[in-house]
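Please go through the sequence and the structure below before reading on.

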Amino acid sequence: MQGRVLICAGSDSGGGAGIQADIKAVTCLGGFAMTAITALTAQNTEGVHDVYDVHEEFIAKQIELVLKDLGADCIKTGMLHSIPVIETVHKALEEQAPDIPLVVDPVMVAKGGHPLLEPQALNAMKHRMVARATILTPNIPEAELLTAKKIANRDDMLRVGETLLKLGPKYVLMKGGHMDGDELVDILVSADAKPVEFRSARIDTVHTHGTGCTTASAIAAGIAQGLSVEDAVSRARDYVRMAILTAPGYGHGHGPLNHAHTLRPEV
């Protein structure tokens with residue numbers, strides 16, 4: 001049941017989000033994580049301070065070598081910050097992994113507000129990555145940017161989710177973390193089934209750095225291990241919730257999660 005997940009995303013030097021969070025989530029859920037790093041960031045819990053581009057040919061080479069030798073049961077994309085990077089990853093996946101399930105986390109803005117997607121790359125994100133996703137996992141600001149529609153309540157989430165489905169993904173997980181209220185509601189929509197709502201009590205904490213990356217990678221691990229999309233989402237939400245509740249409290253800003261809460265010491 002291990003499940004191989006190839007993650008195409010940026011690095012977070014603070015270890016709370018990005019590739020680092022992806023590897024931790026997949027590993028701590030029993031999967032095998034592999035990576036194609038798309039960018040290097042200098043960041044901590046207080047924000048992103050600099051971004052260093054990885055050359056597109058090197059991104060493509062990472063994907064090629066991993067898939068050729070190790071293979072993958074699911075692929076997850078995170079920070080793809082420019083048109084050339086999006087085009088490179090799209091082309092590589094079309095040629096080498098056309099039938100492998102794809103989880104697309106449309107990373108656009110860091111927790112501290114730093115933009116992680118160039119404005120001119122929005123259409124490329126929509127028509128290249130979103131269009132071929134098995135499941136798209138936007139938060140509310142990302143969903144608003146992708147559709148140019150405002151979201152103020154649960155009905156808006158559902159309507160925008162249905163709009164996103166028209167771009168091509170098989171499923172869209174509309175995440176309600178940016179909504180107000182004591183209850184957190186996420187909605188899974190698809191063209192072939194009724195919407196599924198996931199509800200939980202909202203946790204009052206600043207230690208939420210990397211929740212989007214972690215959720216998407218946890219879903220990818222579940223899909224790679226043979227779970228249905230709905231079951232993969234349900235397990236991922238439970239995993240992330242406990243990771244927030246047991247967060248270590250590091251840093252002076254938005255702190256990281258406890259990805260390793262699933263580990264148990266040997267008896």
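The model is predicted. Its sheet is open and has 9 strands, arranged in the order β3-β2-β1-β4-β5-β6-β7-β8-β9 with mixed pairing. For β3, strand β2 (residues 32-44) runs antiparallel and is joined to it by 6 bridges. Ala42 lies opposite Asp50 in β3.

Helix α3 (residues 83-96) touches β1 (4-12), β2, β4 and β5 (102-104), and its direction makes about 175° with that of β4. Helix α8 (residues 229-245) touches β6, β7, β8 (183-190) and β9, and its direction makes about 10° with that of β9.

Helix α5 (residues 140-147) is largely enclosed by the rest of the structure, because 6 of its 8 residues are buried. These are Ile140, Glu142, Ala143, Glu144, Leu146 and Thr147. Their cover includes α4 (122-129), β6 (135-136), α6 (154-165) and β7 (171-174). At the start of α5, a side-chain oxygen of Asn139 comes within 2.9 Å of the backbone nitrogen of Glu142. Just after the helix, Ala148 has a positive phi of about 60°.

Asp73 sits in the loop between α2 (56-69) and β4 (74-77). Its relative accessibility is 26%, so Asp73 counts as partly exposed. Leaving aside residues up to four places away in sequence, Asp73 touches Gly3, Arg4, Ile100, Pro101 and Ala224. Asp99 is 26 residues from Asp73 in sequence, with a C-alpha to C-alpha distance of 9.6 Å.

Definitions and conventions:
Residues are numbered from 1 along each chain as its sequence is written. This is a predicted model: local features need pLDDT of at least 70, side-chain atom pairs count only at pLDDT 80 or more; totals for chains, interfaces and linings use all residues. Side-chain values use heavy atoms; hydrogens and water are left out. Helices (H or I, at least four residues) and strands (E, at least two) are DSSP runs, numbered from the N terminus. Buried means under 20% relative accessible area, exposed over 50%, partly exposed in between (1.4 Å probe, protein chains only). Contact means heavy atoms within 4.5 Å. A polar contact is a pair of N or O atoms within 3.5 Å; within protein, one must be able to donate a hydrogen and the other to accept it, and residues adjacent in sequence count only if both atoms are side-chain atoms. Two strands pair if DSSP finds at least two bridges between them. Axes are lines fitted to C-alpha atoms, for helices over the stretch in contact, and angles run from 0 to 180 degrees between N-to-C directions.
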